[in-house]
Number of protein chains: 2
Amino acid sequence: MEEKQTEISTLGEFGLIDRLTKDFPLKNESSKLGVGDDAAVMDFGDKEALVTTDLLLEGIHFDLRYVPLKHLGYKAAIVNFSDIYAMGGQPKQITVSLGISSRFTLEHIETLYSGIRLACEIYGVDLVGGDTSASTTGLVISITCLGEAAKGEVVKRSGAKETDLLCVSGDLGAAYMGLQLLERENRVGEGKKDFQPDFAGKEYILERQLKPEARKDIVAMLKENGIKPTSMIDVSDGLSSEVLHLCKASGVGARVYEERIPIDYQTASMAEELNMNVVMAAMNGGEDYELLFTVPLSDHEKIGKLKGVSMIGYITKPELGAAMLSRDGNEIPLKAQGWNAFPQD
Amino acid sequence: MEEKQTEISTLGEFGLIDRLTKDFPLKNESSKLGVGDDAAVMDFGDKEALVTTDLLLEGIHFDLRYVPLKHLGYKAAIVNFSDIYAMGGQPKQITVSLGISSRFTLEHIETLYSGIRLACEIYGVDLVGGDTSASTTGLVISITCLGEAAKGEVVKRSGAKETDLLCVSGDLGAAYMGLQLLERENRVGEGKKDFQPDFAGKEYILERQLKPEARKDIVAMLKENGIKPTSMIDVSDGLSSEVLHLCKASGVGARVYEERIPIDYQTASMAEELNMNVVMAAMNGGEDYELLFTVPLSDHEKIGKLKGVSMIGYITKPELGAAMLSRDGNEIPLKAQGWNAFPQD
């Protein structure tokens, strides 16, 4: 055994990845972009190939007490597609590896697969491989997605420039409030037979949590309107974390206007009901799978005409750091308080 | 909950995969070959892209009481490279996803990664992405490997023809006997302080279990000698299982001569010591990561000159099925008794 032992929770997920992958310089001609973006990029002649992967573990990423298996399968596929769209590409193939504990039957796994299949049908993706195995505890889902982009179409995290506009699709915080709702109803109903959870008027936030979509439409709309983002990332860990990723990769700072953060009525109303700060849900909630991107200031008018895209701020010099400009005029530095894969006790 | 519930162990791993993937026809132009071979094939203009994935779970695929973490990392990478070589391709990129329970420290994971890094360096593969997360129990390793092959170079499982020669690289059964040795020494040493396992004269079988190699050299040698296999597969689950896979995919039968199965002296000696049948270890042991392939009968002379390749049998009409011709002249039908990912109690 080694002498020094460092708890992984002291590094966090991104610190761990940085540490583990720093000694892996890319050597192959076809390897164009490695660790550190939504997907890796490989050069294949006239096309770029993209690859991304997500590992979902029962008890860490999902709770089968309130997530139906079909929805879980759908979401497990979608989160990978979202990473490919965030590179400006199109998802084309997935591999699905499953670790299955003995409490799952064939019918359970078929239900899970029916969700994966539905996502593949809707997004035009082929299932091309995978691996299945027993697992000693719980369900393990590992999905890898391959995508394609035409030469020059790939959008990295690293291209944001000073004065660029910071834009986001859809609205934020809804998936997180949907999770709060599911957890509350699960607590309330625990041990009660025939308990019927009350989801009336909250369908949107539930759907955002249980059946998120990847923003294929946004990638297409930007292209149709002749807009090529200078940088892009998908919002999986909360707006704060993603703005910080863009700033770090691009070597810039950013300002986000609190009042411009798009929030749905149901998200706000659920937050009020639970006495939570809705802006914090948007900043740190995560699982929105919206696209956060930057465009040159000169695209201001074009972006203004797009439905479902909000201009929420702008890119600054790196010295200014990343901050939110609050409604009352304060500058609040952004922190990556999003979902942490390695929680400290 | 569904009405009918089928235990997964009644289907086995391959039955489960068949069942789950039967409703996924390939639709994308770039998807050339899906589930059912060592790797999937994608068309990328002048090259073919290959993808394969393996999920390794603690307590199912490895036991950290006798597998050092560095060896585990090395082997986890190698098993993926082997699948790419088995398609006639070259591995180029991997993604590594880890689920890590709280008993692992940064130093443990760095040790695991050092093995992955070593394998990548030796085989010329780039690490391009991955995912890390906490896990509630044990270590989860999911590796996906991308490879490349020139147009027309891909070798599938499905091309074997009647009268083709059946060939295998290296020798078989050693990794399995290495595992038996490790398990024996672990039992013997259990609870004994300062116990020193006795591995003298057994280095080869230990290395085959703990630090297997992928047969990059065989793929290169075949090419140099102008031999293109008609079908190929890597030996991961034992010779029986792999011959059956080739026969099923190619719609043919096969005969394997017992006396021609290549077995190392240490493998035979360990089997004798443990009173086990060494041919059964070769047929059903698995984890050899050798290449099993077929060539036209006309390549007989060329193959005969190659070092480290054995001609072990031939391909027959499908009606004859797959069987081993024993030393005493009997025909023993092959059964896939190899390692089962879903053991029945």
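Colleague: How many bridges join strand 1 (residues 31–33) of chain B to strand 2 of chain B, and in which sense do these strands run?

Modeller: Strands of a sheet pair through backbone hydrogen bonds, either parallel or antiparallel. In this case, strand 1 (residues 31–33) and strand 2 of chain B run antiparallel and are joined by 2 bridges; two strands pair if DSSP finds at least two bridges between them. Strands (E, at least two residues) and helices (H or I, at least four) are DSSP runs, numbered from the N terminus. The model is predicted: local features need pLDDT of at least 70, side-chain atom pairs count only at pLDDT 80 or more, and totals for chains, interfaces and linings use all residues. Residues are numbered from 1 along each chain as its sequence is written, while chains are lettered from A and ligands numbered from 1 in the order in which they are written.

Colleague: Which residue stands opposite B:Leu33, and how many residues lie between strand 1 and strand 2 of chain B?

Modeller: B:Val41 in strand 2 of chain B stands opposite B:Leu33. The two strands form a hairpin with 6 residues between them, and B:Gly36 in the turn has a positive phi of about 120 degrees. Strand 2 and strand 3 (residues 47–57) of chain B pair in the antiparallel sense over 5 bridges, with B:Ala40 opposite B:Val51.

Colleague: How many residues of strand 2 (residues 40–44) of chain B are buried?

Modeller: A residue is buried if 20 or more other C-beta atoms, placed from the backbone, lie within 10 Å of its own, exposed if 12 or fewer, and partly exposed in between. By that criterion, 4 of the 5 residues of strand 2 of chain B are buried.

Colleague: In what order do the strands of the chain A sheet stand?

Modeller: The 6 strands form an open sheet in the order 1-2-3-6-4-5, with mixed pairing. Strand 1 (31–33) and strand 5 (126–134) of chain A stand at the edges with a single partner strand each, so one side of each lacks a neighbour in the sheet. Strand 4 (residues 90–100) and strand 6 (residues 140–150) of chain A pair in the antiparallel sense over 9 bridges, and A:Gln90 stands opposite A:Glu148 in strand 6.

Colleague: Which strands do helix 2 and helix 3 of chain A lie across?

Modeller: Angles run from 0 to 180 degrees between N-to-C directions, the axes being lines fitted to C-alpha atoms, for helices over the stretch in contact. Helix 2 (residues 69–85) of chain A lies across strand 3 (47–57), strand 4 and strand 6, at about 30 degrees to strand 6. Helix 3 (residues 106–123) of chain A lies across strand 4 and strand 5, at about 175 degrees to strand 4.

Colleague: How many residues of chain A are in contact with chain B?

Modeller: Two residues are in contact if their C-beta atoms, placed from the backbone, lie within 7 Å. On this basis, 73 residues of chain A are in contact with 73 residues of chain B. Strand 5 of chain A supplies the largest share of the chain A side, 9 residues.
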